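I opened this notebook to keep track of what I looked up, one place at a time. The entries follow the order in which I went through the model.

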Amino acid sequence: MELDRWIMQNEVPLRLGFFFAVLGLMALWEVLAPRRVLTVSKALRWVNNLGLVFLNSVLLRLLFPAAAVGMAAFAAEHGWGLFNHFAVPYAAAVVLSTVALDFVIYLQHVMVHAIPALWRLHRMHHADPDFDVTTGARFHPLEIILSMLIKFAAIVVLGAPVVAVVIFEVLLNATSMFNHGNVRLPAAFDRPLRWLVVTPEMHRVHHSVEDDEANSNFGFNLPWWDRLFGTYRDQPRAGHEAMTIGIHRYRTPREVSWLSGMLLLPFRGKVSDYAINRRQWNNPGHGD
Ligand SMILES: [Zn+2]
Ligand SMILES: [Zn+2]
């Protein structure tokens, strides 16, 4: 298809364009109306968090040069997956694939919290002691690779159209930067908006040091999965400005804000420490 070919040829500039546009807008909003005071300097955060984004992008291009859109085109050529096998109207296939991919990402997020070895990778995202636009792009390279493999599997099973995959990737990237924004969003706007998309007020709850709060609001794009599956939480107990963000155990800038510390974070502590950590989370202040 003509559109597919154009999208595949221009995927990188398309995605970079959206990335920098959303990053710029959110950064401006954070300067004009910040929600919380940062605990470490913005310069330190931007250099290290965005350094990691650069590293992840290079790594993904090297490992998977054709990326997720390449997988969608490959599945289409071979007639693999639901939407390539059954005659579904094109627009329906695009919308259903985009929504289904979002559901898969929700399930993946619940899984990386539930499985101790995977939590080690994902806790790097949570160890950020602050919550701003750069947190939204801060994931361990191993989690990024795992996520890409899960996405490949989902695309092949669904037979997701190339357009749906690009829409999904651009949306996920943009909403992730939006919903990690350290921005003031009046309740009058937040209330209706959080029925359509995950807002910063909704996702901030997920970054709480409190165990029960961190195990809620797993959605990235669509807020419906949390409401449907009972993981939705309206507000943090301590309020958005007083709540503590991060994880109890790792809090020094060298461990959680420097790129080197972030990369090493999954490998710190014994595997058996997990049970102890969990108990400590339920009783903050006991031994952490
Ligand atoms: Zn999480
Ligand atoms: Zn997050």
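**A buried loop residue**

I began with N217, which is buried, with a relative accessible area of 0%. The model I am reading is a predicted one, and in it N217 sits in the loop between α12 (211-214) and α13 (224-229). I then looked up the backbone of N217 and found that its phi is near 50 degrees, a positive value in a residue other than glycine. I noted beside this that most residues other than glycine have a negative phi.

**The zinc ion (ligand 1)**

Which residues coordinate the zinc ion (ligand 1)? I found H109, H113, H122, H126 and H206, each through its NE2 atom, at 2.1 to 2.2 Å. Along the sequence these donor residues follow the spacing H-x3-H-x8-H-x3-H-x79-H. H109 belongs to helix α6 and H122 to helix α7, so this pair ties together parts that are 13 residues apart in sequence. When I checked the accessibility of H109 and H122, I found that both are buried.

**How α6 meets α7**

I looked next at the two helices themselves, bearing in mind that a pair of packed helices is described by the angle between their axes and the distance between the axes. Helix α6 (residues 90-114) packs against helix α7 (residues 116-126) at an angle of about 105 degrees, and their axes are 6 Å apart. That angle makes α6 roughly perpendicular to α7. On the α6 side the contact is made by H109, M111, V112, H113 and A114, and on the α7 side by P116, L118, W119, H122 and H126.

**The zinc ion (ligand 2)**

How far is the zinc ion (ligand 2) from the zinc ion (ligand 1)? The separation is 5.5 Å. The zinc ion (ligand 2) is coordinated by the NE2 atoms of H125, H180, H203 and H207, at 2.1 Å. The spacing of these donors along the chain is H-x54-H-x22-H-x3-H. H180 lies in the loop between α9 (162-179) and α10 (187-193), while H203 is in helix α11 (residues 200-206), so the pair ties together parts that are 23 residues apart in sequence. Both H180 and H203 are buried.

Why is the arrangement around the zinc ion (ligand 2) irregular? Its four donor atoms subtend angles of 89 to 164 degrees, which makes the arrangement irregular, because four donors count as tetrahedral only if all angles lie between 85 and 135 degrees. I set beside this the ideal angle for four tetrahedral donors, which is 109.5 degrees.

**Two further residues**

I looked up S257 and found it in the loop between α14 (253-256) and α15 (259-264). S257 is buried, with a relative accessible area of 6%. Leaving aside neighbours within four places in sequence, S257 is in contact with V40, L44, N48, P129, T252 and M262.

My last entry concerns L149, which has its place in helix α8 (residues 141-158). L149 is partly exposed, with a relative accessible area of 43%. From C-alpha to C-alpha, L149 and A68 are 9.1 Å apart in space, although 81 residues apart in sequence.

Key. Residues numbered from 1 in each chain as written. Chains lettered and ligands numbered in written order. Predicted model: local features only at pLDDT ≥ 70, side-chain atom pairs only at ≥ 80, totals over all residues. Heavy atoms only, no water. Donors = N, O, S within 2.8 Å, 3.2 Å for Na, K, Ca; no water. Tetrahedral: all angles 85-135°; square planar, octahedral: opposite > 155°, others 65-115°. Helix = DSSP H or I, 4+ residues; strand = E, 2+ residues; numbered from the N terminus. Buried < 20%, exposed > 50% of the residue type's maximum accessible area, 1.4 Å probe, protein only. Axes fitted to C-alpha atoms, helices over the stretch in contact; angles between N-to-C directions. Parallel < 35°, antiparallel > 145°, perpendicular 65-115°, else oblique. Contact = heavy atoms within 4.5 Å.
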